[in-house]
Amino acid sequence: MRRRDRGGILMVLPLYLFTLVFVAGPLLYVVGLSFASTSEEHAVLWHFTLENYARILDPVYLQTLTGSFKLAIISTLFICLTGYPFGYFMAKRSETGKKRAMLFLMIPFWVNSLIRLYGWIIILQKKGILNNVLKSLGIIQKPIGFLYSYPAIVVGMVYVLFPFMALSVFSSAEKMDWSLTEAARDLGASRWNAFWTVTFPLTLPGLLSGIILTFIPSMGLFFIADILGGNKIVLVGSLIQEQMTRGRNWPFAAALAMAMLLLTTLMILLYRKITNSSELEGIG
């Protein structure tokens, strides 16, 4: 073996060891744990069973899954409607404008997410800023209970996950060849038609990346539902935490985690299929 090849192997060996110990190892443990069972004393029994996965289809837990899925769809929809235009127009600005927009987008990340969510409590509560502004404008007469409601949870999800969508679209739009849009306009296409036929397909990979980065987390960010929703909506993340702490049913919690992982994998495969097909169409 050449000395250069041996040196290359030694360089990547720590990375492989780290991946094996801290990524593959825990993942395989969770997979095996999801097929285990528990005793009456909440001890893990390593007997193969599919009961944990069958239990997910129980109406109580299935309602939690469907509720989380519904919330994720609604949150992702609003994130797309706000994050896509932001990332798109940020990519069209000058270099100075891009830096300023990026700065304003990243500033909230300098503060802990829990502190930022408690800031929304100050805004949405009955004696908060939003109700005071609406009363001063004469829009409402009595305070509205925005806090601890379904819309408050959606607002929290959009607020926390918005940067992931905006940055994904920005990264895709910044690499786009804007001369293609100009060529479409020169050939007689309207601004709207040029956007949908040229710009949108070219920025679609960024939009899909943003959807993956926002949809899956929105099903598991239970602390947002706890703080802004008042525990009125139970997400999959809350269910996993409850099974690991109060219920002490680690195999069932592992099965729920594997169901989330399966959903993530399916979305990634769908994303790769769509992006690969769009690239082939572009080549053709």
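Visitor: The expected span of a helix is 1.5 Å times one less than its number of residues, so what does helix 3 reach from its first C-alpha to its last?

Guide: Helix 3 (residues 59-91) reaches 46 Å, close to the 48 Å expected for its 33 residues. Helices here are DSSP runs (H or I, at least four residues), numbered from the N terminus. This is a predicted model, where local features need pLDDT of at least 70 and side-chain atom pairs 80 or more, while totals for chains, interfaces and linings use all residues. Residues count from 1 along each chain as its sequence is written, and side-chain values use heavy atoms, without hydrogens or water.

Visitor: Nice. At what angle do helix 3 and helix 7 cross?

Guide: Roughly 40°, and their axes come within 6 Å. Axes are lines fitted to C-alpha atoms over the stretch in contact, with angles from 0 to 180 degrees between N-to-C directions.

Visitor: What kinds of residues are in the contact of helix 3 with helix 7?

Guide: There are 22 nonpolar, 4 polar and 2 charged residues. Nonpolar covers Ala, Val, Leu, Ile, Met, Phe, Trp, Tyr, Cys and Pro; charged covers Asp, Glu, Lys and Arg; the others, Gly among them, are polar.

Visitor: Switching topic: how far apart are the axes of helix 5 and helix 6?

Guide: They are 4 Å apart, and helix 5 packs on helix 6 (residues 129-136) at about 30°. That angle makes helix 5 roughly parallel to helix 6.

Visitor: Which residues meet there?

Guide: I122, I123 and L124 of helix 5 meet I129, L130 and N131 of helix 6 (heavy atoms within 4.5 Å). That contact has 5 nonpolar residues, 1 polar and no charged.

Visitor: And where does helix 5 stand with helix 7?

Guide: Helix 5 (residues 113-124) and helix 7 (residues 150-174) have axes that come within 11 Å and cross at roughly 140°, so the two are oblique to each other. R116, L117, W120 and L124 of helix 5 touch A152, V155, G156, Y159 and V160 of helix 7. Those residues divide into 7 nonpolar, 1 polar and 1 charged.

Notes:
Angles under 35 degrees count as roughly parallel, over 145 as roughly antiparallel, 65 to 115 as roughly perpendicular and the rest as oblique. The expected span of a helix is 1.5 Å times one less than its number of residues.
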